[in-house]
Structure formats: structure tokens, C-alpha cells
Amino acid sequence: MRREPLRQFASDNGAGICPEAWEALARANSGHAPAYGEDRWTARAADLLRDLFEIDCEVFFVFNGTAANALALASLCQSYHSIICHELAHIETDECGAPEFFSNGTKLLLVPGADGKVDLDAVRETALRRSDIHYPKPKVLSLTQATELGTVYSVEELDRVSEAVRRLGLNVHMDGARFANAIAALGVSPKEITWKVGVDVLCFGGTKNGMPVGEAVVFFNRDAAAEFDYRCKQAGQLASKMRFLAAPWVGMLETGAWLRNAQHANNMARLLAERLQALPGVRILNTVEANAVFVELPRGAAEALRAAGWRFYSFIGSGGARFMCSWDTTEQDIADLVADLNAALRAETSDAPISAPVNP
Ligand SMILES: *Cc1c(COP(=O)(O)O)cnc(C)c1O
């Protein structure tokens, strides 16, 4: 078997640290600084986020997206409340029960919806189904932007969500592990898809965008941020050397790399989709709006791709193989993958599509 490709399409977490984040880390690594977020890097990163969102929000930095989501949701809920989310939401499928754990039992109520987006009628039905004391009281709607299926809620869709949740009296949490990709796709300023459409708290992903580690929890509803620092500390999410969580944000926000990286990843995904679509037997499963491409491949071709050293998941979302592009994906990477897939398809005899999950 030949050497593994240098870069994979399995996850945008596979990519390394982008130069702007790396450079900021190096600058922060000089001399001593106060611990636990009292340093100037943390203050600067929070100010830059307030500038970006054009509002006086409360900002916290945690290590990963699961913690950001779980703690943000816990801050909006009592244990007897419930959180409405899409059935494919990361908080439901990929966080090992962390939102329920950190909220002491707040229940997730799942709704369906095309393209990974919540169906608003289903949200209404779930929120209004019962109002008696035996039902966990609906309190929050959680949206993922960009979605787990690589689609993006438009401003108009979010306006409709906003109108509905106001009537229903729900708070809004946004899982923005790929928020930058959504902004790059929509070409709007960040306020247009957050506080202006009623988002109370955004978990803004840094890791998949090119940072080593770290997500920002941005509270537009400042009351909901009360004592959030204690929640972070108790959950083991208060970094003592906080400057190293904050510095990459400074580097990426000051240089605009956060948006350039996302634009690049989205562009590469669009190119990859175009190339894949041209191959016989390959079907694109979702509209490609962010940096994910979901495709149905003949089973033998998927196996041949894996044998050629390519890694990708086949159990995320609603099936098919998922290819993620990153800030450092190159056109050559795409050409290499497509060439191997093309060879696999030519060798293919059986054309049974992937139906059951295949472990990566
Ligand atoms: C990656 C991701 C997260 C964060 O996951 P961690 O592994 O905990 O950092 C959250 N939400 C979505 C939609 C994601 O894709």
C-alpha cells in the first residue's frame, strides 16, 4: 500500500494550526502574564469579538465545542426544562449526553427537518404539545449554523425562527462550531444571524477554523451569563494559562484569517462537489453551502478509496460518505482524491450503494 495522503477529508479537525493563530501564540509566549483570564490577550480577544458582533456581549473561552454547548445550554435552563433541537444536532448525536449532564438533566426534545434544519411546524408542535406539569418545560431552541449536513440557515429562515421563538417564549442557543463557514457562505455581518435574530448565546468555533484548540461562548443575552465563570471552573474549563486560548482569536480576528479560512474551506468544498458530481455513480446528497460534501458512493468504490489510504466517515448525518474541507485543503488534494475515486469506480463491479454505517 502506498503512503497515506498528507491531508485528509475526514474532518476539519484533522487540519493543523493556521499561520495567523500560530504566530499569535508565539507572540503570547513571551514573558509572564496573569493567569485565569486576567491577561491582556483574553481582554483583547473579548473586545475583538464585541467589535465583530457590534454589541456589548459577554465572552468566555473554553477548550472545546462540547463544553461550550453543554455549559451554554445549562446556563439557559433549569433541570426540569427541555431543549428543542434537530434530530441530527451534535448536542444530541455527538456529545455523549454532556448537555443533559451539565444541566443536571434538562431533556433534549428532537425535531425533524430537511437539510439538517429544524422544521418550524415541528418546533411549534413540540413546544406547545403539552403545558402540564408532567412534561419537561420547553425553554430553549438550539440551532446549528452551519448545520451538521453542511447547509446554512439563511437570514430569512432565521427571521422566521426568531418570530416563532418569540411567540413561543423560547431562548435561542446557536451551535456555531462552523459559524465562520456560515458567515462566509452568506456574506453578511455576524450580527445579522445572531443577536438581531434573537440568539441569546452563540458557541463560536475556533478549532475547526484553524486554531489549535478553543471555542468562544458569546452571550448576547448578558443576564444569561451570570456566574458562567463558576460553571466553567467547576466543569474543568477554566484555563489557567488562558492567554493561549485567547491569543489565536486575537491573531485570527485582527488579520481576518477567521473569515478567509472559512471562505477557502467553503470554496474547496464547492470545487470538490463539482469534481465528484462529474464521476459516474457518485451522487451528491446535500446542497453544498459550507465546507462539507456528502456523497453516495458505490460500496466497492468506498472500500477501494479506504484501501488507497483515504479516511472518511460514513455514519455522520443521514448517511453517505462525508468529505470535509479545511483552511489548508489544496486543489491538488482534491485532484488526488478524485483521481483515486475515479480509478476505484472504473475497477468497480458491484454498484450497491452504501446503506449501513461503515467504521472509519
Ligand atoms: C465539532 C463540532 C462541535 C464541537 O465538538 P468538540 O469535539 O467537542 O470540539 C460542536 N458542534 C458541531 C456541529 C460540531 O461539528
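**Lys 191**

I looked up the contacts of Lys 191 and found that, leaving aside its neighbours within four places in sequence, Lys 191 is in contact with Phe 53, Glu 54 and Lys 196, where contact means heavy atoms within 4.5 Å. I note that this is a predicted model, in which local features need pLDDT of at least 70 and side-chain atom pairs count only at pLDDT 80 or more, while totals for chains, interfaces and linings use all residues. Residues are numbered from 1 along each chain as its sequence is written, and side-chain values use heavy atoms, with hydrogens and water left out.

I placed Lys 191 in the loop between α8 (179-186) and β6 (201-205); helices (H or I, at least four residues) and strands (E, at least two) are DSSP runs, numbered from the N terminus. Lys 191 counts as buried because its relative accessibility is 19%, and buried means under 20% relative accessible area, with exposed over 50% and partly exposed in between (1.4 Å probe, protein chains only). The side chains of Lys 191 and Glu 54 make a polar contact of 3.1 Å, a term for a pair of N or O atoms within 3.5 Å; within protein, one must be able to donate a hydrogen and the other to accept it, and residues adjacent in sequence count only if both atoms are side-chain atoms. The C-alpha atoms of these two residues, Lys 191 and Glu 54, are separated by 6.9 Å, although the residues are 137 apart along the chain.

**Ser 314**

I found Ser 314 in the loop between α12 (299-307) and β10 (321-324). Ser 314 counts as buried because its relative accessibility is 4%, and its side chain is joined to that of Arg 306 by a polar contact of 3.0 Å.

**Helix α7**

I checked the length of helix α7 (residues 155-168): at 1.5 Å a residue its 14 residues should span 20 Å, and its end C-alpha atoms are 20 Å apart, which agrees; the expected span is 1.5 Å times one less than the number of residues. I listed Val 155, Leu 158, Val 161, Ser 162, Ala 164, Val 165 and Leu 168 as buried in α7, and their cover includes α6 (120-128), β4 (137-144) and β5 (171-176). After α7 comes Gly 169, with a positive phi near 70°.

I then turned to the ligand, where an oxygen atom is 2.5 Å from an N or O atom in the side chain of Thr 66. For Arg 178, a side-chain N or O atom is 3.1 Å from an oxygen atom of the ligand. The protein covers 83% of the 390 Å² of accessible area that the ligand has on its own, by the Shrake-Rupley method with a 1.4 Å probe.
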